[in-house]
Amino acid sequence: MMKTLKMSVAALALTATHAVAEDVEVLHWWTSGGEAAALNVLKEDLQGQGIGWNDMPVAGGGGEAAMTTLRARVTAGNAPTAVQMLGFDIKDWAAEGALGNLDTVAAEGSWDEVVPDALQNFSKDADGHWIAAPVNVHSTNWVWISKSALDATGMDAPESWEDLIAVLDKMKENGITPLAHGGQAWQDATIFDAVVLSLGDDFYKASMIDLDPVALGGEQMVEAFQRMETLRGYVDDNFSGRDWNLASAMVIDGSAGMQMMGDWAKGEFLRADQVPGEDFVCIRFPGTQGAVTFNSDQFAMFKVDEGQEAQLAMAASVMDPAFQSAFNVVKGSVPARTDVPNDAFDDCGKKGMADLADANSAGRLFGSMAHGHSVPAGVKNAMYDVITAHFNGEFSAEEAAEEMVNAVEAAM
């Protein structure tokens, strides 16, 4: 696969006359083992074209620390050439006029025809110019379950909220931590996203996308927070500040039963030589089957004085079908192009690709609030504050619903 990948992308870049001996400085937050392995696919590809890679990793799974670092760099007049970004962060930087134009490579790679509209909404500026190259589509409403821990319960993988609680209770009886979780705001919000979606598509859209105050403060929101309280009871006492990949490791080593996390977690399982269906089970969060909440990692290219040709070559490489397959197989996500075959993907990857296609065609594909694809960053962060405060016992479910209305209103 790697040989085919390098030949394919190199040929594309040479045809477009973008393969030049320049460097790209890349700011990103892919620092876990599985993420680093996936990023290495891109590094090696660019090195094969004579393009150097200056790595600028900023740890933090949700990207908040990276965005803080980016703002400081841009303010100092020293923007990186390429930056990993999500959702509304891309739109915000585009509105500032800070991003470069990728229309030439987009036309050469037929991006308009093969990138889903939901992604293009974040890859283009207000004038319709391409300003970012989507690397993948992650879906966030997944549950990763230890197969041995599930087998020990004597139950099937849960399909409803009631099933889920029964499995978690049995795992607790069996002496393991039922739910591996890291106490960070974006991780709390990732679970919350799925809980809200499990209460209905209409409720998710009204509350997490349309920001309807009736939905934000109503009975269903109280129920969502009550469910979060229930899940909190299955988390170990040492969860505060734990990175997401360390929570994945708890499921991998059998000390925990399951993790509720986006499909980037799969990269950790695969890196540990675990096999889907044999060592771990991947399911949609019970009650959300058929719907998908998504985020998409994209590389935005900043306007720079030097290195534009390397930027265009990097964008072309990111969107090459062979790279999209090779990268996403390792990363755990699915391709941002709809014309990439699923042959190289494992069972969870094939399921992810099929789920995405089905949700897209059924109108059940929703941007993830927790990952910056449903509301602007200010509103997202206001929601984070309420969700985390409630998860840590500072609010009752009723108080949290009321605070959600107030926080969103203040952030608008």
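Analyst: Let's start with the second largest cavity, which is lined by Val137, His138, Ser139, Asp263, Arg284, Val292, Val334, Gly352 and Leu356. Two elements, strand E5 (138-139) and helix H18 (347-362), each give two or more residues to this lining. Here helices (H or I, at least four residues) and strands (E, at least two) are DSSP runs, numbered from the N terminus. A cavity is a set of points, on a 1 Å grid over the protein atoms alone, where a 1.4 Å probe fits but cannot get out, and a lining residue has an atom within 4 Å of a point. Rolling a probe the size of a water molecule over the atoms shows where empty space is left. The volume of the second largest cavity is about 40 Å³, and the structure holds three cavities of 30 Å³ or more. Grid points are joined across faces, edges and corners, and a volume is the space filled by probe spheres set on the points.

A word on the source: this is a predicted model, in which local features need pLDDT of at least 70 and side-chain atom pairs count only at pLDDT 80 or more, while totals for chains, interfaces and linings use all residues. Residues are numbered from 1 along each chain as its sequence is written, and side-chain values use heavy atoms, with hydrogens and water left out.

Arg284 from that lining will come back when we look at charged pairs. A salt bridge is a side-chain nitrogen of Lys or Arg within 4 Å of a carboxyl oxygen of Asp or Glu. One of these joins Asp210 and Lys205, at 3.1 Å from N to O. Asp210 is partly exposed at 46% relative accessible area, and Lys205 is also partly exposed, at 39%. (Buried means under 20% relative accessible area, exposed over 50%, partly exposed in between, with a 1.4 Å probe and protein chains only.) Salt bridges with shared partners also tie Arg284, Lys351 and Asp355 into one network.

In total there are 14 salt bridges. Among them is the pair Asp112 and Lys124, with 2.6 Å between N and O. This pair links distant parts of the chain, twelve residues apart: Asp112 sits in helix H6 (residues 111-114), and Lys124 in the loop between helix H7 (117-123) and strand E4 (132-134). For contrast, look at Lys170 and Glu173, whose closest N and O atoms are 3.4 Å apart. Both lie in helix H9 (residues 161-173), three residues apart, about one turn of the helix. Lys170 is partly exposed at 27%, while Glu173 is exposed at 61%.

Note on methods:
On a 1 Å grid over the protein atoms alone, a cavity is a set of points where a 1.4 Å probe fits but cannot get out, and a pocket is an open set with protein on both sides within 12 Å along at least five of seven lines; lining residues have an atom within 4 Å of a point.
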